[in-house]
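Me: I'm new to this one. Could you take me on a close look at the spot where the ligand sits?

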Amino acid sequence: MTRTIYYTATTLDGYLADANDSLDWLFVQDIDTEGPMNYDEFFADIGALTMGRTTFDWVHRHLAESGESWPYGDQPTYVFTHTELPPVHGADIRAVGGDVAPVHAELVRAASGQDIWVVGGGDLAAQFAEAGLLDELMIQIAPVTLGAGRPLFPRPFDLELTELVQNRAFACARYAVVGPRR
Ligand SMILES: NC(=O)c1ccc[n+]([C@@H]2O[C@H](COP(=O)([O-])OP(=O)(O)OC[C@H]3O[C@@H](n4cnc5c(N)ncnc54)[C@H](OP(=O)(O)O)[C@@H]3O)[C@@H](O)[C@H]2O)c1
């Protein structure tokens, strides 16, 4: 059955990126790419992705600067935005917006029985959670604090810790979404 999973790295104080959308703090961390909760294993089960416009713009900028190609294969990627998206060579990108529920139904169809990856940002993940459409958070916590930046999950929710492992510098935690805090 398709699960909807918010899989991301964060700082210890709960930021996805600094205030300038930089991930410099992340790329210097030590990780075993074949270790617990590694990306390749996670991505092998993903059939469709969704992300917010800021995250898309970061990826798009990174590709232009590095010359790398689109990192998410031909899995359909639904980007939430209010404006048009630039085309990306080799990517199946679909601009969407508004209520997450109808988009989630499309994501489920597109995933064809595999899982859905909510790439971020945090508020978009929380929109899925508020609609009752987010199953899990898989969070790699880096040993760094920023004091400010783009928040991991900026809405009040209760979660249940279901797994906790170390991957070198990272504390990797899996949480089931319980529901909005009352
Ligand atoms: N640490 C990590 O592994 C990790 C993972 C993911 C992301 N990141 C980084 O974290 C930052 C995330 O930024 P963020 O949280 O500010 O933003 P985000 O979710 O990536 O993007 C926010 C934007 O998405 C659009 N949006 C969101 N919900 C929408 C809806 N329901 N309908 C229409 N449009 C909607 C709006 O774009 P419009 O401008 O079009 O209105 C909004 O301004 C980025 O720098 C990203 O690169 C880091």
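**Around the ligand**

Reply: Let's start with H82: one of its polar side-chain atoms lies 2.5 Å from an oxygen atom of the ligand. Taken alone, the ligand exposes 940 Å², and the protein buries 79% of that. Keep in mind that this is a predicted model.

With T54, a backbone N or O atom lies 3.1 Å from an oxygen atom of the ligand.

Now step back a bit. The ligand sits in the largest pocket, and 23 residues surround it, with D21, T55, T81, H82 and G121 being the closest. Sorted by class, that shell has 12 polar, 8 nonpolar and 3 charged residues.

Where do these residues come from? At least two each are supplied by β1 (4–11), β2 (15–17), α3 (53–66), β6 (115–120) and α5 (122–130). The largest share, 4 residues, comes from α3.

You'll find G121 in the loop between β6 and α5, and a cis peptide bond joins it to G120, with omega at about 0 degrees. That stands out because most peptide bonds are trans.

Phi of S112 is near 45 degrees, a positive value in a residue other than glycine. S112 counts as exposed because its relative accessibility is 61%.

Key:
Residues numbered from 1 in each chain as written. Predicted model: local features only at pLDDT ≥ 70, side-chain atom pairs only at ≥ 80, totals over all residues. Heavy atoms only, no water. Near = heavy atom within 4 Å. Polar contact = N/O pair within 3.5 Å; in protein donor to acceptor, adjacent residues only side chain to side chain. Areas by Shrake-Rupley, 256 points an atom, 1.4 Å probe, with all protein chains shown as cover. 1 Å grid on protein atoms, 1.4 Å probe; cavity = no way out; pocket = protein on both sides within 12 Å on 5 of 7 lines; lining within 4 Å. Sits in = over half its atoms within 2 Å of the grid points. Nonpolar A, V, L, I, M, F, W, Y, C, P; charged D, E, K, R; others polar. Buried < 20%, exposed > 50% of the residue type's maximum accessible area, 1.4 Å probe, protein only.
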